[in-house]
Amino acid sequence: MNSYELIYDFKENKHYNNELYNIIKKSSKSYFEDWMLKGHWDENYYPMALINEKNDIVAAVCVIRLNLSINEVKCNAIQVGRIFIKDSYEHDQVDKKLLDLVVEKYSNVSDLIYSFSDSETDALFMNSEFQKVQEFIYYIPWNSSLDTEKTAIKKLDTDSIKDIEFIQDHIKHATKTPSMIATNGDSSVKLYNILKFYRRNVYYISEIDAVVVFTINQAKKRFTLVAIYSSNKIDIMDILKILVPDGIERVEFMFIPNLNCGVNIRKLSFIETPEGNVPSYLYMKEITTALEGKKIFFPVLGRGK
């Protein structure tokens, strides 16, 4: 019978890094983990893996240790990334063994462990200690007769290293959030998702020192506010008066907006991005939080899958 050992935080180990990279690069897609391995390690990203008696990695996963704010109450959370399996071990349930060990390691020090999947019936999570949670999109009807604000908006160039560093700096130092559920300590995840899905949709409003990500669908008369990053206090309605063009009838949010006006919701079936529709299913293991059964939505840019 095969015996395995859990190893973790091996960022400085050349052998394990090469092993991990070799498993990831055999995948058919470009993943966040691949991007991180190419020199984007950060302090909150931790690789974990199972090794066999030959010191070879048979399954690996990244976890992101982050701070989670739920209605302004701070807690510690772990986001579990995609699990990668060595080809010859695909039928040995090493993915479940690894996930169980990750949960065991972090259950005593975290308030919530969660992950996103592209499968509605992900057998790995459904056979573990996680619960599948329905998410909801929040939106409001838009009144085009509202007074608009004339403020300079600069489109940022995500092909420019200078602008990329500018965006990430604003993500890292965003201290005020307009979202009822927010994360920090995951700036690399957010930057990765911007570059992958929204690289032509990032703007800067100098008057309020805010980086904003949004899309406009004129055919559907819909404006989607994806994210706001600023160290200043932001009023969502004020920023919408700056950004929303004529002809829009509906504003959707890729986070839970902190608004006093009536907000509508609908069930999340997939996430629409400029690069196409992305399925995303949330699985959670709650330890001290109480989110199950509530109409929640985790910010889109913070998803590590």
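**Basis.** I worked on a predicted model, in which local features need pLDDT of at least 70, side-chain atom pairs count only at pLDDT 80 or more, and totals for chains, interfaces and linings use all residues. Residues are numbered from 1 along each chain as its sequence is written, and side-chain values use heavy atoms, with hydrogens and water left out.

**Overall form.** I looked up the secondary structure and found 7 helices and 18 strands, taken as DSSP runs (helices H or I, at least four residues; strands E, at least two) numbered from the N terminus. I noted that the C-alpha trace spans about 70 × 40 × 35 Å along its principal axes.

**Burial.** I found that 52% of the 305 residues are buried, that is, under 20% relative accessible area with a 1.4 Å probe, protein chains only.

**Cores.** I searched for nonpolar cores, sets of buried Ala, Val, Leu, Ile, Met, Phe, Trp, Tyr and Cys residues joined through side-chain atoms within 4.5 Å. The largest has 49 residues, of which Phe32, Leu68, Tyr114, Met284 and Phe298 touch the most other members. Helix α6 (residues 187-197) gives the largest share of this core, 6 residues. Apart from it I recorded another core of 24 residues, including Met48 and Tyr281.

**Met284.** Beyond its neighbours within four places in sequence, I listed its contacts (heavy atoms within 4.5 Å), among them Tyr114, Phe130 and Phe298.

Notes: Buried means under 20% relative accessible area, exposed over 50%, partly exposed in between (1.4 Å probe, protein chains only).
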